[in-house]
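User: I'm new to this structure and would like a close look at its backbone. Could you walk me through the loops, and then through the parts that surround them?

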Amino acid sequence: MDKYADRCGIFGMYDNNGFHTSHLIYYGLFSMQHRGTEAAGICVNDSQGIFEYVKDAGLVTEVFDDMKLDKLQGHAGIGHVLRFEGPDPSQNAQPIVIRYTKGRMALAMNGGLKNIEEIRHELELEGAVFQTMEAAEVVSVLISRARNKYSTIEEAIASIMPVLKGGYAMVVMTPRKVIGVRDPFGIRPLSLGKLDHSWFLSSETVAFDELQIERVRDVRPGEIVVINADGPRSLQAVPSEEKRVCIYEYVYYAHAASLIDGQEVYKARYEMGRNLAKEAPVKADAVIWVPDSGLAAACGYSEQLGIPMLDAFAKNKYYGNNLVKPEGLLFDHRIHMKLSVIRSQVEGKDIVVIDDSMVHGTTAAILVSLLRRAGARSVHLRIASAQIRHRCDYGAAVPAEEKLALAQADKEEVREKTGADSLEFLSREGMEKACSDADGGFCCACFDGNYPV
């Protein structure tokens, strides 16, 4: 599971206005760059059904330029940003573009399937050959084979959905259609939007906001939305289960401005901070946050307890731009180039540090060390989500239990690992309560081990 796609972002459109399709997809992907930084790709369909695509390793701004975008001319297209834990992101970039007996198809996918290796093995035994490690390629082969038995591509997609065990959203393009698909539990997000007479699909509504696209609605669990020149139509491909959207989307993955199943992400994080303050208050001189995803929770924590919030971490905005990461002795000495501490904000003070989540505890330990060296009198860690104890089978970048250092550790063991004076996590109930505007329930499997699939 570790080598398949983690969180990703997908974007698709069907243009009935004469827009520059590839440019709009480019900006849609750029607004979701936080969902994947390893690779990016765009495939566009011209009026003759010819697919042109560009995909490669790197950020959206590194993969594309004006010349490449100008060559991608067409009335429809799909795009993808990839988060990939593997040796060669360029080989695994999406969309997956194939030619099969019924023509051409392109597919981009966000999420994970817990039975993907089983499906892949069965297809290989039947003679299939795969070029990538992506679940998207496996799914594209399933669809292409099913298409020979059905009169439409959407019927073929519907026929394979019961086989796909996991959480996913995907966009599929054929010469005449752009199709959005969401898993029966709605674990991964997907929204439908409209601009004039053109229609759009996106992992997050922040892409709609930045392109002034009207958000129409979320794609329902188990639904297939088929868009052509006449607009969208809906097909409930498989029975909708009780909605279980990934709560980690609200904790960390999604952009703060996005709206997922009726719940604004920023508001959810703010309320998580308030609930954390109610569950785990502490006397302190200041609340500080870990940039950038800890900000909203820190605001809620600060307001609930009346403790002033200070900006104490200065972030190096060039971190990650081809920087050689520290290894060996350097890493052991906690060389950390991403954040610096503003000494005047913390020296001689009791500090509460708010972060959104904790996976390994390594970053928390570094931050505590930095704050102590800057003169903080005491450092109290407050995590605005529950303790992560389990792997994610549905596309989140959470390692398996044997690689998850904190999975079996109790809270005191974690505190000792970080070096903090105190440590508290938000309860699972506190997380869910913070998302009271959401339409449906949540998948909290990485926190409680309750897997909906």
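Analyst: Let's start with P95, which sits in the loop between β4 (76–82) and β5 (96–100). In this predicted model, the peptide bond leading from Q94 into P95 is cis, with omega near 10°. A cis bond also joins P291 to D292, this time with omega near -10°. D292 belongs to the loop between β17 (286–289) and α10 (295–305).

D196 has phi near 60°, a positive value in a residue other than glycine. You will find D196 in the loop that links β9 (191–195) with β10 (198–202). Its relative accessibility is 47%, so D196 counts as partly exposed. D261 also has a positive phi, near 50°, and is likewise not a glycine. Its loop lies between β15 (259–260) and β16 (263–264). With a relative accessible area of 2%, D261 is buried.

β17 is part of an open sheet of 4 strands, ordered β17-β20-β21-β22 and paired in parallel. β17 and β22 (422–425) are the edge strands; each has a single partner, so one side of each has no neighbour in the sheet. From one strand to the next, the twist averages 20°. Inside the sheet, β20 (residues 350–355) and β21 (residues 378–383) pair in the parallel sense over 6 bridges. One of the pairs to look for is D350 with its bridge partner S378 in β21.

Helices lie across these strands too. Helix α9 (residues 265–279) lies across β20, β21 and β22, and runs at about 125° to β22. Helix α14 (residues 411–418) lies across β21 and β22, at about 130° to β22.

Finally, here is a pair of helices. The axes of α4 (residues 116–125) and α5 (residues 135–147) come within 10 Å and cross at roughly 50°. That angle makes α4 oblique to α5, and their crossing is left-handed. On the α4 side, the contact involves I116, I119, R120 and L123, which meet A135, V138, V141, L142 and R145 of α5. By type, the residues of this contact comprise 7 nonpolar, no polar and 2 charged.

Notes:
Residues numbered from 1 in each chain as written. Predicted model: local features only at pLDDT ≥ 70, side-chain atom pairs only at ≥ 80, totals over all residues. Heavy atoms only, no water. Helix = DSSP H or I, 4+ residues; strand = E, 2+ residues; numbered from the N terminus. Buried < 20%, exposed > 50% of the residue type's maximum accessible area, 1.4 Å probe, protein only. Axes fitted to C-alpha atoms, helices over the stretch in contact; angles between N-to-C directions. Parallel < 35°, antiparallel > 145°, perpendicular 65-115°, else oblique. Left-handed = near helix turned anticlockwise from the far one by under 90°. Contact = heavy atoms within 4.5 Å. Nonpolar A, V, L, I, M, F, W, Y, C, P; charged D, E, K, R; others polar. Pairing = 2+ DSSP bridges.
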